[in-house]
Amino acid sequence: MNDTQELHIIGGGMAGSEAAWQAAEAGIRVVLHEMRPQTGTFAHHTGDFAEMVCSNSFRSDDDEQNAVGLLHWEMRAARGLLMAMADTHSLPAGGALAVDREAFARAVTDRLRAHPNICVEPGEITALPDEGHWIIATGPLTSEALARSIQSVTGAEALAFFDAIAPILHFDTIDLSKAWFQSRYDKGETEEQQKAYLNCPMDRDQYEAFIDAILAAPKTEFHEGETAGYFDGCLPIEVMAERGRETLRHGPMKPVGLTNPHQPQVKPYAVVQLRRDNALGTLYNIVGFQTKMKYGAQTEVFRMIPGLENAAFARLGGIHRNTFLNSPTLLDDQMRLRARPHIRFAGQITGVEGYVESAAMGLLAGRMAAAGIKGADLPPPPRETAMGALLHHITGGAEAKTFQPMNVNFGLFPPIEARGGRRGRKDRYKAYTDRAKAAFQAWLG
């Protein structure tokens with residue numbers, strides 16, 4: 001177990017599978033630990049590697065106009081196993097990449113088991129190891145024993161067991177002729193602190209219509225094993241609204257301490273506040289708006305908020321079972337646990353969302369671990385790339401206090417100058433992807 005040239009990976013999901021392949025292809029001996037099928041989860045049905053437990057889609061395959069499509073392109077360029085198997089077992093899905101999930105998982109499993117540098121070791125690992133080279137890629141359903149061990153090393157507040165996510169939207173789609181920057185009662189020492197929030201005002205009729213829409217919207221139900229109930233401070237807005245029509249107005253939508261410079265004589269009846277979600281200031285979250293409304297309903301309801309009529313969402317709200325680290329405080333840019341640098345984390349447990357994002361973080365962790373074992377650090381991919389933007393977000397670009405899992409999106413990339421408007425957006429996305437491809441090719445080289 002303590003062979004200095006051996007890499008141990010816990011978890012054979014998307015991230016662990018890709019990490020194992022990348023390290024093995026780099027000539028490193030890999031021991032892949034997987035507790036399934038001996039120890040199951042409420043979501044998995046097989047012992048196969050890279051089992052898809054939700055959808056069978058890797059989402060958009062458009063590498064010129066879509067950030068996840070760009071991530072596909074980068075993983076293919078890096079000779080990723082999961083993208084190769086997805087392409088081999090793809091199904092017709094328009095512009096998306098969908099796969100035959102059973103054939104895909106079987107193919108990944110067969111390739112990993114057949115690799116001369118990979119040894120599969122069944123059984124559950126229940127504690128963080130004290131020595132050796134390790135990648136923890138146990139995902140959102142990390143076993144209870146291992147989660148307790150991670151928590152004891154990282155601190156009780158550093159590991160979450162539920163997403164309680166408020167919607168996150170792109171700053172450049174907010175109408176600033178209606179919204180304004182101001183902290184409640186102008187609190188803060190600096191001008192930046194005094195303008196830390198974006199405020200969207202509502203009059204009484206708008207508020208009443210908004211409450212009606214929240215109450216009427218279809219909601220998703222918890223899956224068995226997902227939750228033992230809501231926790232204080234993370235109540236879904238629809239639960240608050242059900243407790244009384246004024247509850248939100250006395251909670252996250254209270255209008256006190258705020259003056260609308262667009263209409264200084266008019267006192268708002270309620271105010272929705274947004275707070276910056278990343279260091280770049282390209283993403284903002286709606287404060288206190290955790291929700292179990294279905295995605296389509298969320299978009300309709302939140303666009304009723306003055307200033308957000310044309311909002312584009314980087315991610316929608318939700319509350320569900322999801323074990324993840326507060327990575328910005330715990331991991332360095334090599335994905336190493338600062339407190340125990342012989343351990344790397346990869347995949348959804350680091351605070352990325354989605355199959356592709358998880359696999360991409362596995363790809364990076366596998367390559368970085370392989371380089372480390374050979375005695376050299378692999379520099380992180382440039383922030384202009386999809387992998388680099390995602391890695392930077394989870395290891396320092398996100399606000400640690402409000403850190404929540406995130407899909408890849410152009411809001412995580414360093415901004416690029418391009419013409420405005422709808423036509424301009426198409427040019428801008430193409431500029432993002434062109435820049436990323438050049439930077440990623442240079443990094444691979």
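Residues are numbered from 1 along each chain as its sequence is written, and side-chain values use heavy atoms, with hydrogens and water left out. Because the model is predicted, local features need pLDDT of at least 70 and side-chain atom pairs count only at pLDDT 80 or more, whereas totals for chains, interfaces and linings use all residues.

Strand S1 covers residues 6–10; helices (H or I, at least four residues) and strands (E, at least two) are DSSP runs, numbered from the N terminus. Five of the five residues of S1 are buried, where buried means under 20% relative accessible area, exposed over 50%, and partly exposed in between (1.4 Å probe, protein chains only). Glu6, His8 and Ile10 point one way from the strand, while Leu7 and Ile9 point the other way.

S1 pairs with two strands, S2 and S7; pairing requires that DSSP finds at least two bridges between two strands. Strands of a sheet pair through backbone hydrogen bonds, either parallel or antiparallel. S1 and S2 (residues 29–34) run parallel and are joined by five bridges, and His8 has Val31 as its bridge partner in S2. From S1 the chain passes through helix H1 (residues 14–25) to S2, forming a right-handed β-α-β crossover. Right-handed here means that, with the strands pointing away from the viewer, the path from the first strand over the helix to the second runs clockwise. Strand S7 (residues 133–136) is also parallel to S1, through four bridges, and Ile135 of S7 stands opposite Ile9.

Two bridges connect S3 with S5 (residues 96–99), and Ser57 stands opposite Ala98 in S5. Contact means heavy atoms within 4.5 Å.

Strand S3 also contains Arg59, which has a positive phi of about 65 degrees although it is not a glycine. Arg59 is partly exposed, at a relative accessible area of 29%. A positive phi, near 60 degrees, also occurs at Tyr185, in the loop between strand S10 (180–181) and helix H6 (191–194). Tyr185 is exposed, with a relative accessible area of 53%.

In soluble globular proteins, nonpolar side chains tend to be buried together. A nonpolar core is a set of buried Ala, Val, Leu, Ile, Met, Phe, Trp, Tyr and Cys residues joined through side-chain atoms within 4.5 Å. The largest one has 74 residues, and Phe58, Phe104 and Phe413 have the most contacts inside it. Helix H11 (residues 355–373) provides the largest share of this core, 12 residues. Not counting residues up to four places away in sequence, Phe58 touches residues including Met14, Val68, Leu97, Phe104 and Tyr355. A second, separate core of 36 residues includes Ala179, Phe210, Ala270 and Ala311.

Finally, Gln298 lies in helix H9 (residues 295–302). Gln298 counts as buried because its relative accessibility is 0%. Leaving aside neighbours within four places in sequence, Gln298 is in contact with Pro167, Thr291, Met293, Leu316 and Gly317.
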